[in-house]
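Student: I am new to this structure. Please take one part of it and give me a close look at how that part is placed among its surroundings.

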Amino acid sequence: MMDNVFFTHPEHVSANRLELVDQEATHASKVLRFKVGDELYASDGRGNLYTTQVSSISKKSVLADILETDYDPEPTIKKVLVFGAIKKRDRLEFAVEKAVELGAWEICIFNADHSERSRINEDRLQSIVLSAFKQSKRRWLPEVTYQNSMDEVFEYYPKYHSMMAHVEADTHHPENLSYNKNLLLIGPEGGFSAREVELAKKKNTQMISLGKNRLRAETAALALLSQFLFTT
Ligand code: SAH
């Protein structure tokens, strides 16, 4: 059933066969009880959706013959959500999950000047990304990157058009939603520091207001990402 799309690492795909390993194999064999001969869908997170037929199955490995490959090219408009680290784990995880659903190309979590230091469980975030990727039937698996400061964000993502959601901005409309590469900057609970705002301005970042209500960081992230839903 197309209800379930499994993830297979590109390294586990050959010309006519693919393999599911680890949790994906366990999920297919033990939870969903796939059998030899069943039709199974898998995506490699690099644009390919495979229609396959299971040829062997165990708790640790599912082998499947590829019957059909459907490739979705990379989107022409890419949005990288750049999110100032927040301390509340559930809110951070919520933002990451929703960003995947809303089509963020990458998610960058950075240590903002006003971020409260706390340990981020990268493995846990990675598994949230993976399950949101599968649930939302995306073809491209977003990468999560971690940067130590906004300065590093701009170095890591050169040649991006950037927008900063800033409570003090007076423009409401992103002037242009058709740049190919976009950085969407959202501050932590404490907001952006004056230094970060200056740095962003130096990088020609557009300052955007999301209305007069003060939003939680995760709401601001979703609101800004949603602006791109109707772009092509
Ligand atoms: N206490 C902070 C607010 C932080 S809200 C302050 O007063 O600056 C967390 C982040 O969400 C902000 O840094 C900003 O990126 C975004 N945000 C929240 N409400 C917003 C709004 N109305 N317009 C633009 N950005 C907003």
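Tutor: D22 counts as exposed, because its relative accessibility is 54% and exposed means over 50% relative accessible area, buried under 20%, with partly exposed in between (1.4 Å probe, protein chains only). The model is predicted, so local features need pLDDT of at least 70 and side-chain atom pairs pLDDT 80 or more, while totals for chains, interfaces and linings use all residues. Residues are numbered from 1 along each chain as its sequence is written, and side-chain values use heavy atoms, without hydrogens and water.

D22 is found in helix α1. Helices (H or I, at least four residues) and strands (E, at least two) are DSSP runs numbered from the N terminus. The phi of D22 is near 50°, a positive value in a residue other than glycine. Most residues other than glycine have a negative phi. N204 also has a positive phi without being glycine, here near 60°. N204 sits in the loop between α5 (194–202) and β11, and with a relative accessible area of 65% it is exposed.

Helix α1 spans residues 22–31 and lies across β1, β2, β4 (48–57) and β5. It runs at about 95° to β2, where angles go from 0 to 180 degrees between N-to-C directions of axes fitted to C-alpha atoms, for helices over the stretch in contact.

These strands belong to an open sheet of five, in the order β1-β3-β4-β5-β2, with mixed pairing. Strands β1 (5–7) and β2 (17–21) stand at its edges with a single partner strand each, so one side of each has no neighbour in the sheet. From one strand to the next the twist averages 45°. Strand β2 runs antiparallel to β5 (residues 61–71), and five bridges join them; two strands pair if DSSP finds at least two bridges between them. In this pairing R17 stands opposite D65 in β5.

Helix α3, residues 122–135, lies across β1 and β3 (39–43) and runs at about 150° to β1.

Helix α3 gives the most, with four residues. By class, the lining of the second largest pocket divides into four nonpolar, six polar and four charged residues. Asp, Glu, Lys and Arg count as charged, Ala, Val, Leu, Ile, Met, Phe, Trp, Tyr, Cys and Pro as nonpolar, and the others, Gly among them, as polar.

As for the setting, the protein chain has six helices and eleven strands. It has 232 residues, of which 47% count as buried. Its C-alpha atoms fill a box of roughly 60 × 35 × 30 Å, taken along the principal axes.

Terms used:
Contact = heavy atoms within 4.5 Å.
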